[in-house]
Amino acid sequence: MLAVQTLRNLLASGSRCQSSKQCFTFTRLRARGVATSGETLRKTKLYDFHVQNGAKMVPFAGYSMPLSYGSVGQVASHTHIRTSVGLFDVGHMVQSNFRGPTVTAFLEWLTPSSLTTLPAYSSTLSVLLNEKGGIIDDTVITKHSDVAYYVVTNAGRRDKDLAWFQEKLDEWNASERAKDGKVEHEVLEDWGLVALQGPEAAQYLQSLTSFDLKGLTFGKSAYVPIEGFNLHVARGGYTGEDGFEISIPPSQTVEVTQLLSKSPVQLAGLGARD
């Protein structure tokens, strides 16, 4: 219970953020929520990896997630990420693919974002809207092409968001708006998602790939070969430093994370986000 209360205190400290981007980050963290002790918790593909590396696991957004590792305190972990490079497990987030001839119009119908002019392999921060224009959840939408999008939503809203997507998909596909083709939704169940964050993140990741990361600027993504794995890599993050979010198929999640967590990379938990 002490660990959970500590985490609540950490997540309540968003008023100390120094920029609008950081303020959004802390608001997003609070919105994901801390699970109650009586809730059955989900586990990411990295749960055993965390335990083996000395993680202190706590309930968070319906998942058992690492608060910290070993004897490394939250301040030391935070400082390491701001001065070097750290790795977070964000696999509790909901990853989805939306595809179809009318998918751009469909996502523009669900959000206030203009996606028609968004370049391929570019991302935009957006929100899901209800029928009255109120906000259901925040989301990041990545356009792969006019007929394919990769969308990430919050774990704390998982069940409600997925139900909303299904309701709206059924409505859309049964309407005249889908006359040029229906939209399909694929939830990437059990896929890994890790965030390599810090000023040395690019240097470390570049050592593992022949892909020139200088061309992968903030808000852009690409499929990047990393030591034999072809992975979706998006440049961005939530720590105030440079970073990358890397989506990983379930069977490869642990092995790729091991590749990404060698020195000077330090594993980081929820406590480091304060």
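A residue counts as buried when its relative accessible area is under 20%. Lys168, at 2% relative accessible area, is therefore buried. The model is a predicted one.

**Helix α5**

- Helix α5 spans residues 103–110, and its buried residues are Val103, Thr104, Phe106, Leu107 and Leu110.
- These residues lie on the same side of α5, because they cover an arc of only 160° around the axis.
- The cover over the buried residues of α5 includes the strands β4 (94–99), β5 (122–129), β6 (135–145) and β7 (148–153), together with helix α6 (158–173).

**Salt bridge Glu186–Arg99**

- Glu186 and Arg99 form a salt bridge through their side chains, with an N to O distance of 3.1 Å.
- Glu186 belongs to strand β8 (residues 184–187) and Arg99 to strand β4, so this pair ties together parts that are 87 residues apart in sequence.
- Glu186 is partly exposed, at 36% relative accessible area, and Arg99 is partly exposed as well, at 38%.

**Salt bridge Glu131–Lys168**

- In the salt bridge between Glu131 and Lys168, the closest N and O atoms are 2.7 Å apart.
- Glu131 sits in the loop between β5 and β6 and Lys168 in helix α6, so that the pair links distant parts of the chain, 37 residues apart.
- Glu131 is exposed, with a relative accessible area of 64%, whereas Lys168 is buried at 2%.

- Arg158 pairs with Glu189 in a salt bridge whose closest N and O atoms are 2.7 Å apart.
- Because Arg158 lies in helix α6 and Glu189 in the loop between β8 and β9 (192–197), the pair ties together parts that are 31 residues apart in sequence.
- Arg158 counts as buried at 9% relative accessibility, while Glu189 counts as partly exposed at 42%.

**Aromatic pairs**

- Phe98 counts as buried at 0% relative accessibility, and Phe106 counts as buried at 0%.
- Phe98 also forms an aromatic pair with Phe165; this pair is edge-to-face, at 5.0 Å centre to centre and 70° between the planes.
- Phe98 lies in strand β4 and Phe165 in helix α6, so the pair ties together parts that are 67 residues apart in sequence.
- Phe98 and Phe165 are both buried.
- A cluster of Phe98, Phe106, Trp109, Phe165 and Trp172 is linked by ring pairs.

**Charges over rings**

- Arg177 lies over the face of Trp109, 4.4 Å from the ring centre.

How values were computed
Residues numbered from 1 in each chain as written. Predicted model: local features only at pLDDT ≥ 70, side-chain atom pairs only at ≥ 80, totals over all residues. Heavy atoms only, no water. Buried < 20%, exposed > 50% of the residue type's maximum accessible area, 1.4 Å probe, protein only. Helix = DSSP H or I, 4+ residues; strand = E, 2+ residues; numbered from the N terminus. Arc of directions from axis to C-beta. Contact = heavy atoms within 4.5 Å. Salt bridge = Lys/Arg side-chain N within 4 Å of Asp/Glu carboxyl O. Phe/Tyr/Trp six-rings, centres within 6.5 Å; stacked < 30°, edge-to-face > 60°. Lys NZ or Arg CZ within 6 Å of the ring centre and 35° of its normal.
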